[in-house]
Amino acid sequence: YIHIPKNGGHSIVDLVRNRPPHKWTKVNLPLTAKDIVKHSIDLDTSYVFTFVRNPYTRFLSGWKNLYHKYVQKTGIRYSKSKDFNATKEYFARNYKRFDNNVVDCDIHLNYTQTQHLNVVLEKTDKFYRFENFNEEYAKLSNRLYGIDKIPTKRFKSPIVTPYTEWFTPQIISYVNDKFHDDFVNFNYQKD
């Protein structure tokens, strides 16, 4: 399993770490492409898989993660119940913030999924889709263990508010440009 942040990683780690009979690598899960290279893991004899996600929803999820870290650090927040529009306006003003300030940068937003996979992209056997997480999780469970479905412990519902309600045309353009390779490599459509 190659981990890409904001794509259901904790649930996948729960699935693969806690189930026999497979012997996973001696390296701690989740693995990244850097771990594969660093530990010279042979991908030719392994089933290599990852979860990919629509670049728009991944970007929004990553940005919300960064926003929550900012709130924890500063105590400044907009109340969800009080004013969704204020939070949305804050997002519209600050969506590029991580590009300009590495200290505030979040790895979820700074790298594309293609960059996370890096050298293992061509050796990946299966790209499961986050948008169909429960179905894809069941397929993976069946592939690994012959069990149709193992309940997920950690998976939360996807973002309730559609990204289209958060994104201005400028943000859509930004995501289209920054994550262009992800749209192409994982067959997602641009708005």
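Thr114 has its place in helix α7, which spans residues 113–117; helices here are DSSP runs of H or I with at least four residues, numbered from the N terminus. The model is a predicted one, in which local features need pLDDT of at least 70 and side-chain atom pairs count only at pLDDT 80 or more, while totals for chains, interfaces and linings use all residues. Residues are numbered from 1 along each chain as its sequence is written, and side-chain values use heavy atoms, with hydrogens and water left out.

Thr114 counts as buried because its relative accessibility is 13%, where buried means under 20% relative accessible area, exposed over 50% and partly exposed in between (1.4 Å probe, protein chains only). Leaving out residues up to four places away in sequence, Thr114 touches Leu121, Asp181, Asp182, Asn185 and Phe186; contact means heavy atoms within 4.5 Å.

**Nonpolar cores**

A nonpolar core is a set of buried Ala, Val, Leu, Ile, Met, Phe, Trp, Tyr and Cys residues joined through side-chain atoms within 4.5 Å. The largest such core has 26 residues, and those with the most contacts inside it are Ile36, Tyr56, Phe59, Leu117, Val120, Phe167 and Val175. At least two residues of this core come from each of α2 (33–38), α3 (55–74), α9 (163–166) and α10 (169–178). Its largest share, four residues, is supplied by α10. Apart from neighbours within four places in sequence, Leu117 is in contact with Ile2, Ile4, Ala33, Thr50, Phe127 and Phe186. A second, separate core of 14 residues includes Tyr1, Val16, Phe49 and Phe130.

**Aromatic rings and charges**

Rings of Phe, Tyr and Trp (its six-membered ring) pair if their centres lie within 6.5 Å. The count by this rule comes to 15 aromatic pairs. One aromatic cluster is formed by Tyr1, Tyr47, Phe49, Phe51, Tyr128, Phe130, Phe133 and Tyr137.

A charge sits over a ring if NZ of Lys or CZ of Arg is within 6 Å of the ring centre and within 35 degrees of the ring normal. The table gives two examples.

| Charged residue | Ring | Distance from ring centre |
|---|---|---|
| Lys126 | Tyr128 | 5.3 Å |
| Arg129 | Tyr188 | 4.0 Å |

**Positive phi values**

Lys6, although not a glycine, has a positive phi of about 70 degrees. Lys6 lies in the segment before α1 (9–17) and is partly exposed, with a relative accessible area of 23%. Asn187, also a residue other than glycine, has a positive phi near 60 degrees. Asn187 is found in the segment after α11 (180–185) and is exposed, at a relative accessible area of 56%.

Terms used
Phe/Tyr/Trp six-rings, centres within 6.5 Å; stacked < 30°, edge-to-face > 60°.
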